[in-house]
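Colleague: Please take a close look at one part of this model, the interface between the chains, and then set it in its surroundings. I would like the criteria behind each term to be stated as you go.

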Amino acid sequence: MSIPGIRDRKIEDVGLQAGVDRLTEDQIQKTIKKVLKGETGAKLKLYAETCMRCGLCAEGCHYYMSHDKDPSYAPVSKVRQTMWEILRHNGKVSPEFIYGCAQIAYTECNMCKRCAHYCPLGIDIGYIISVVRRICHKLGVVPLYIQDTAHSHSATMNQMWVKDDEWPDALQWQEDEARDEIPNLRIPLEVEGADIFYSVIGPEPKFRTQLIYQAAVLMNETGQSWTMPATPGWDNSDMAMYTGDYEVMGRIKRAHFDTAMRLKVKRIVMGECGHAFRSIYDMGNRWLGWKMHPVRVMHAIEFYHELLEKGQLKIAKTFDTPVTLHDPCNIIRGRGLMDQAREVVKAFCPNFVEMTPNREHNYCCCAGGGVINCGPPFKNVRVEGNKVKAEQLIRTGVPVVIAPCHNCHGGLEDIIHAYKTGQELKFLIDIIYECMEKPDAVE
Amino acid sequence: MNAAYEFVVGPLAWIAGAIFVLGSIYRLVSMYALAVKKDYSSLPYMDLKYSLRSIIHWLNPFGTAGWKASPWTAAVTFIFHICLIITPLFLLGHAVLLETFHGIEWPTISDGLADGLTMLVIAGCIFFIIRRATVDKLKYITSGMDWFVIFLVLATFLTGFAAYHQWLNYQFILILHILAGEAMLASIPFTRLSHMIFWVFIRGYMGSEFGKVRHAKDW
């Protein structure tokens, strides 16, 4: 059953090792059968049966392209090393095999679905990988770091073990900071009936607090009716979705939607995060039985675009340094915001240079899909697995890269550093904050 | 030999046809039932408009990222499939059988054209076989089933070609050809050839998700 590929590049991870050490083949088979029978149906069956093994998906994958076309990194090959073997052996596979499955599914596929543009049949390899992750989760074989974030979600309803009192504390801190610049600025908590519930991801209060500051300035200076909750349910992020822990994913999303409904807001506007958008817009809602999100959900890009269109967001100065834009999978391939993103960028940045490929065909950051959350043991996997991204960035020849997604930021930061592209990375809000009109500012 | 011929164009043809038609219906109906039962987080997103949008784009050999990345494979794939469908459907020899046994008149293409199309199918098979045997990424993923289906197609068209040109023992080759063709027909619902009946739905589903939910292209 073992073929060259993942067995030749095993990476030690405490979570994976402790997980497989507990398993026997019989337990594995029992769990796999339960998942396959209970949770999969025509989709998986058809994908496994009709995939023509043509290999066209290979060129779609940044891992494959970055490893000099090593066949074991092609999307179809990742399925070949995991799900097909599982199906072929009716789930009777060894613990060591499951280790490999987990390593592939959690760290060698970002589920960015770029390969969807390459498969003539229309096979969703991201979905197949998600089923592999689901099996690994059920077997308790998950990389330590991402499992820790899933535990955090479960215990605190946020990703970063932010305690209930630390959350409003962080907001108050940012409000205090911002009032030096804009004396009338407030971060309104628990305002029932506000238009907007602004939701962020766990890392923002933890170590990217400037983003909360900047968003508050944007809201205040464009005159929005907005609020943030003082309770758990504020975090829109969702690593449980990526570990395959759909039960916890459901709990997080329910808390989030419930919070929006309790506050009776008209819509949820979320910061520049990709995976959280996927969770709220595409995955979590389905798990909870909603065809689409029960409260209107808007990604930051769509919101900035609306503010510009309505004339509420005014430009004080332009950002003249040449910039390029990285299209994050979950909001471009996942939501089609490529045109709006460009319009916002071009409104502020007269010197905009496209990277190629771009839009739906942009190369992944290689951090998303939970890969960066698998932590330090797998850092080189995603840096070496995305040489093609570094080359793409270098080709633009511009000093600033805009990436409107948290995971993309993490991934691109490491790539920029490792391949010495010398570029500076920015969120859209960094540029908007710097260049917008702030009528209430005192400086 | 005559009795064998009578058997393969008679009862065996009926059996193969029935396996193909009834088998395909069975596969489609049972797959739909399974989707209703187990894939209800996907099925309601199916959308005719976006299914067609996706299918039409993928029917353009120069119109998608996947085809553009592998232009030779794209070209051969299209030529191969077009010839593979047209040739048996409109071959004079097949139409004659239909008329003889069932009195049905059927449009045909000239023998010369059919001969050319057959050669293209055979060339396509050889291309796919060489590709599968030599390209690393294909060697990595190929299984017995992949060889089975391509050699089944090759066998059918090679024997058809040989029979038309009356190579070797005509009647023997002809029977082989009919047997291979019937095997291919009967295999469609139950082997990887089932992509013939399922493709539009798989493609359509991807198109629907990308069109309706994701507001993005899937090509």
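Predicted model: local features only at pLDDT ≥ 70, side-chain atom pairs only at ≥ 80, totals over all residues.

**The interface and its surroundings**

Modeller: A salt bridge (a side-chain nitrogen of Lys or Arg within 4 Å of a carboxyl oxygen of Asp or Glu) joins B:Glu209 to A:Arg286, with 2.8 Å between the closest N and O atoms. The count of salt bridges between chain B and chain A is 4. Polar contacts link 34 residue pairs across this interface, both residues being at pLDDT 80 or more. Such a contact is a pair of N or O atoms within 3.5 Å; within protein, one atom must be able to donate a hydrogen and the other to accept it, and residues adjacent in sequence count only if both atoms are side-chain atoms.

The elements of chain B that give two or more residues to the side touching chain A are α2 (11-38), α4 (65-69), α7 (111-134), α8 (136-141) and α11 (195-213). Helices (H or I, at least four residues) and strands (E, at least two) are DSSP runs, numbered from the N terminus. The largest share of that side, 11 residues, is contributed by α11(B). Sorted by class, the side comprises 22 nonpolar, 9 polar and 15 charged residues. Here Ala, Val, Leu, Ile, Met, Phe, Trp, Tyr, Cys and Pro count as nonpolar, Asp, Glu, Lys and Arg as charged, and the others, Gly among them, as polar.

Residues are numbered from 1 along each chain as its sequence is written, chains are lettered from A and ligands numbered from 1 in the order in which they are written, and side-chain values use heavy atoms, with hydrogens and water left out.

In total, 46 residues of chain B are in contact (heavy atoms within 4.5 Å) with 55 residues of chain A. The area buried between the two chains is about 4300 Å², and carbon and sulfur atoms give 59% of that area. Buried area is the accessible area (1.4 Å probe) that two parts lose on being put together, summed over both.

On the side of chain A, helix α3 (residues 42-50) deserves attention. Of its 9 residues, 8 are buried, so the helix is largely enclosed by the rest of the structure. Buried means under 20% relative accessible area, exposed over 50%, and partly exposed in between (1.4 Å probe, protein chains only). The buried residues of α3(A) are A:Ala42, A:Lys43, A:Leu44, A:Leu46, A:Tyr47, A:Ala48, A:Glu49 and A:Thr50. Their cover includes α2 (25-39), α6 (83-88) and α8 (125-139) of chain A, together with α2 and α11 of chain B.

A:Thr40 is found in the loop between α2 and α3 of chain A. With a relative accessibility of 9%, A:Thr40 counts as buried. Its side chain reaches the backbone oxygen of A:Leu36 at 2.5 Å. Not counting residues up to four places away in sequence, A:Thr40 touches A:Val35, A:Tyr127, A:Val131 and, from the other chain, B:Lys38.

Among contacts in chain B with a separation of 6 or more, 67% come from residues 24 or more positions apart. The accessible surface of chain B is about 11200 Å², 74% of it belonging to carbon and sulfur atoms. Accessible areas come from the Shrake-Rupley method with a 1.4 Å probe; for residues, only the protein chains shown count as cover.

A:Lys69, in the loop between α4 (62-66) and α5 (75-80), has a positive phi of about 60° although it is not a glycine. A:Lys69 is partly exposed, at 41% relative accessible area. A:Trp161, also not a glycine, has a positive phi of about 55°. A:Trp161 lies in the loop between α9 (144-156) and α10 of chain A and is partly exposed at 37% relative accessibility. Finally, the peptide bond from A:Thr356 to A:Pro357 is cis, with omega near -10°. A:Pro357 belongs to the loop between β6 (352-353) and α18 (379-384) of chain A.
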